[in-house]
Every structure is written in C-alpha cells, then in structure tokens.
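Dear colleague,

Please find below the structure I wished to pass on to you. My findings follow directly after it.

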Amino acid sequence: MSGTSVLSQTHLLSLPNNPPQSSELNSKFNDKGWLSLHKRCKCMEEFKQVHAQILKFGLFLYSFCGSNLVATCALSKWGSMEYAFSIFKQIKEPGSFEYNIMIRGSVNNMNLEETLFLYVEMLERGIEPDKFTYPFVFKACSLLGAFKEGVQIHGHIFKVGLDGDAFVQNSLINMYGKCGAIKHAYAVFEQMVERSVASWSAVIGAHASVEMWQECLMLLGDMSSEGRHRAEESILVSALSACTHLGSPILGRCIHGILLRNISELNVVVKTSLIYMYVKCGCLEKGLSLFQNIAEKNRFSYTVMIAGLAIHGRGREALRVFSDMMEEGLAPDDVVYVGVLSACSHASLVNEGLQFFNRMRFEHKIKPTVQHYGCMVDLMGRAGMLREAYDLIKRMPIKPNDVVWRSLLSACKVHLNLEIGVIAAENLFKLNQHNPGDYLMLANMFARAKKWNDVARIRTEMAEKHLVQLQTPGFSLVEANRKVYKFVSQDKSKPQCDTIYDMIHQMEWQLKFEGYTPDMSQVLLDVNEEEKRERLKYHSQKLAIAFALIQTSEDSPIRISRNLKMCSDYHTYTKFISMFYEWEITVRDHNRFHHFKDGTCSCKDYWRISLHLCLKDSYRDSIFTS
Ligand code: ZN
C-alpha cells in the first residue's frame, strides 16, 4: 500500500544498517527522530515496521519507548489491541500510565471484561489507580450493566482518596445512571462539593436514561437558579427529550429559547431534536417550519419529519417530504421506510402503501423488517383487507411478532371479523406477552357477536393468569402554567379537586343539551349503571380537560398525552367539548395524535367501533380498548 512505500522510502531505507551509538542516536534519532516516528504511522503495517526497527536497534528499553508504542497502538483508530497487548507484556514494570492506556483502549474497543481484568491485575500488582483509571473502568461497568462490580469499585475510590475528585464522581454518576441505579447516582451528585457543568449533565442524563422526565426538568431548573453554569448542549438535549415525553411544548419552547441564547449555531442534530419535540408535543406546524429552515437536512431530519407527519395523519405531506429527500439524493434506509409506510397506514393510503412496500424491496433492495410488515398489516387491516393481511403474515420470511398479530386483531375488531380475529388472538397468546389488552380485545369481539360463553371463558383465563393485576393503569398528562399535571381515573389528589369535579358536572350538564350521552351501550360491565357512569365521568382524560379549561388562558390549545389508546366515549366527549367550548384540544394516545376542533377529530374516527370492557372493581381505569 502507498503509505508503506512512502514510509519505507523516506525513513526506513535511510536508516543505518548498524545500530547507532547512543550519542549519535541522541542527536539524530532520539527526540525528533524515529522514537517518535510511530506517532506518524497511518496503519498497522507502518507501525509494525517502526516497532521492528526499534527492537532491532535495542531502543525499546529507552524510557517511555514501550509506553508510547502501546499508547499509539492501543488508542489509534487503525491500531490493534491484540498487538498493543503483545508490546504491553514486554514492558518490565508497567505503571498506572501504561495500565490506564490499556484500560482506555480496551473500553474503546468494547473489550469490557478485559478492562475489568486489567483493573484487577493492576491492583494485584500493587499499582495504584489514579483519576484517569476510574472513568474508563466505570464506563466498562456501565456498558456491561455491571452494577455490583461498579459498587465495589466505588468503594475503592475512597481507599485511594479519589472520592472527592469531580472527574471520577461524574463518571460514577454516569455509571449509576446507565445501570438504572438512580438513587446511587443522585447520592453521589448530592455529596459533590464542587459541581461542574459536566456533573449536572451527568445527573440530568442519568435521570433521562431511566425516563424520570419531571426530575430532569427540575434539575435543570436547580442548575439555572444556581446561576453558575450555562446549560450546555447535552443537558438541553436531555431536557428536550423530557419535554417530548411529558408532552409539554411550553417547556419545550423554553428549552428552545435557552438553546438559542446559549449556543451560537444549532447543529442539525439539535435542530432535529427540536423538530422531534415539537411534532411529538402536537405542534406540527412549528416542527414543519423549523424543518423547512434547516439548510442542510440529513437523513435523520427527514426521518423525523416523515414520522411526525405520519402520526398526525398527514400522510400525503409525509410522502411529499419523502420525495424531496429522494430528490436531494439521500438514499432511504429501513427506518425512513417505516415512517413512509406508517404515513400511508395512518392516512389510509392503501395503494401508495403497497407501491412503497414494493419499491423498498425491489428498487432500494431493503429487506423488510418486522416493523415494515407491522405497518403493512395495519394498512391493509384498516382498509378491511383482512384476508390479504393474514396472507401477508403467512408469507413473511421472518417470525411475526406481537405487534403484527395485534394489528391484525385490532383490524378484525374494527371490521368485526371473528374468524380471523380468533386466529390472530391465538397466535398472539402463543407469544406469551400476557397483555391484558389482547384478551380484552378478543372478549370484546365475542361480546359483540353475543357469544357470552366465550366471553366468560376469556375472563376466566384472564383471572387464572392474573392478568387483571397486570393491566397498566391509565393516566393523562396535561400542561398548564408551565407545569405538567398527571391525572388517573377518579383522581382526587389535586388541591383543586373540588373545582375540577364541579367543572366536570357543569361540562356534563351542558353537553347533555348538545346531545352527548355517555357511551355505555357496548360496555361490558359487572357493575351497576351508576358505577359505570361514575367511571366514565371521572376518567383521567376528562379530569385533565376540566382542569385545563379552568387553568388555561384563552387561545392556547389544550394538549393532553395519554399512556393508553383512545376509546370511543372519551373521543366523542372530547369532540363535543371542542365544539361547545370552542377550544382546540390535542390528545396524544399511545400511537397517534387526535386534533379536536369544532366537533371533529383529525383521525376521522377510524377506530370508532372500539368498545371497552370492565371487570369488577379491580380495575383502576375503565379503558381497555387495546
Ligand atoms: Zn380522533
């Protein structure tokens, strides 16, 4: 290769045949000569030649020669850990410097267990680790998820007196965060005497990694009120994730403002995080305008925009963005295609979806993953092509997962096809996901077909498998006055509880005149009518809306995020509210957005046939649509 030939012409060929005398060596080669030549190597071939010459002339014993060679070989992009080890073993008395290099190189090359062996070996040889050792050892623990070992090594830093070193403490916070031990992470942070911006970044990142979003934002608030550090990009990106997950565009906008003030030029990654936050918080237009202003869009920003338009049901626009991406010469990958297919699915663009699925496979040679099949089954299912969807599943070259079967089951529920629905449910149950929603979907279908024995059978099965307890309690998050409030069904925890309940009564009374009646016709309940009504009336989404109507100033739309899928009574109710109170309401359920305005919803009521089924008092929430 050319690099080798250049090296051999300019350096190796000009070397003297006999080993130079030390004075000669000192003047000619030692400092600027080829004891440092290894640093200029560009590949292992060159490096091995330099190493060979060093051995040949007996220079290896020169102080630091071995260490420098190890450093270059272990830490260069082109290096080899195996070769670095062989040199390392030749060093007679390696110290912490050499061990640190090997530890760092091992982590960088993901030889994580090797890293811990090196650390133990270091201790056994009586070499004291220093502040450059621990960050990499903790990194290895975090990547291995080795919490226990991490705790033990945490003990060592007290022994070597590094427990007060900020650099080591920051890496410790990161390690605990990645291992999900958030209490440990926070305890280290709390005990720090001197917190740098990196410490804040570590503790906020740790909370983000375990999805404690509220705490992320609170910590950012603490940091700002301390007023000693400016939030850096990584912190603000964590905070943006928090806003995204909390569905809080107002807080998100604040973070956007801080980003603009603190960072002179936002890069495309940060801009894309912003777009993601806005579209996931229901502010699609804001996300779109940011997207249009990115001068150099990459595949990632296109992917986020396409997926964003998809969940807002704006399939045609998503496809236009996709064609812009193609025009820019960016090759689509499997992730972009998931967005494209789900855009077709959410907007019921069946023909387009089928065309894109073929284009992906045959034109772009992308092997469909289980997600692509999931989108296709969803798309066909929505269009009522249940037989075709089932045939597609049977032809899949990979094993269908729960999402695929669940899509088919949902579609069968919407289009009332019990025959295929039962097949889908049986396959779903075989996967042992133990998702109560799946059982309830099937029970709902039997109930609609008036097959009460089958309903009873499913209920018994659920009770035997203790699935009732597994049901995720439903909750709704709503933003008001720059805070995010969480409501569960029949929630009485808020100080404004009485006002909220008064508002609910008032709303229901008014909506009655508009023609709203609680949708209990399809509800399968073992409780009396009064209790059914109570459960529907004080559902988390209704409480959140009532609260927002009291708290929100006029003109600002109400935004609610829910952890479960929407169901028909709440959907109808929210449509009435949007009409009667002339208020825009956006609800994000577990897979899409519903924009309510003037009594209609952007989802066009695709799932309107859904119904809920409740079993006795053991449920905390009465939405069990899927
Ligand atoms: Zn809707």
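I begin with lysine 542, whose charged end sits over the ring of tyrosine 573, 4.3 Å from the centre of that ring. Please bear in mind throughout that this is a predicted model.

Tyrosine 573 also takes part in a ring pair. Its ring centre and that of tyrosine 516 are 5.3 Å apart, and the two planes stand at 75°; because an angle over 60 degrees counts as edge-to-face, the pair is of that kind. Tyrosine 573 belongs to helix H32 (residues 568-580), whereas tyrosine 516 lies in the loop between helix H29 (497-514) and helix H30 (529-537), so the pair ties together parts that are 57 residues apart in sequence. Tyrosine 516 has a relative accessibility of 1% and is therefore buried. Tyrosine 573, at 1% relative accessibility, likewise counts as buried.

Across the whole structure, a search finds 22 aromatic pairs. Elsewhere, ring pairs join Phe47, Trp78 and Tyr83 into a cluster. A further charge over a ring involves arginine 195, whose charged end is placed over phenylalanine 189, 4.2 Å from the ring centre.

I turn next to the nonpolar cores. The largest has 152 residues, and the members touching the most others are Ile173, Met305 and Leu408. Helix H26 (residues 436-448) is the greatest contributor to this core, giving 8 residues. The core lies between domain 1 (195-296) and domain 2 (389-470), because both give residues to it. Another core, of 36 residues, lies apart from this one and includes Val478, Ala480, Met503 and Phe576.

As for methionine 305, its contacts beyond four places in sequence are Ile275, Val279, Leu284, Gly287, Leu288, Phe291 and Val321.

Two further residues may interest you. Threonine 303 is part of helix H18 (residues 299-311). Its relative accessible area is 14%, and since buried means under 20%, threonine 303 counts as buried. The side chain of threonine 303 reaches the backbone oxygen of arginine 299 at 2.6 Å. Leaving out residues up to four places away in sequence, threonine 303 touches Val335 and Val336.

Aspartate 222 is located in helix H13 (residues 213-226). With a relative accessibility of 41%, aspartate 222 is classed as partly exposed. Between aspartate 222 and tryptophan 200 there are 22 residues of separation in sequence and 9.7 Å in space, taken from C-alpha to C-alpha.

Yours sincerely

Key:
Residues numbered from 1 in each chain as written. Predicted model: local features only at pLDDT ≥ 70, side-chain atom pairs only at ≥ 80, totals over all residues. Heavy atoms only, no water. Helix = DSSP H or I, 4+ residues; strand = E, 2+ residues; numbered from the N terminus. Buried < 20%, exposed > 50% of the residue type's maximum accessible area, 1.4 Å probe, protein only. Polar contact = N/O pair within 3.5 Å; in protein donor to acceptor, adjacent residues only side chain to side chain. Contact = heavy atoms within 4.5 Å. Core = buried A, V, L, I, M, F, W, Y, C linked by side-chain atoms within 4.5 Å. Domains from an automatic or database assignment. Phe/Tyr/Trp six-rings, centres within 6.5 Å; stacked < 30°, edge-to-face > 60°. Lys NZ or Arg CZ within 6 Å of the ring centre and 35° of its normal.
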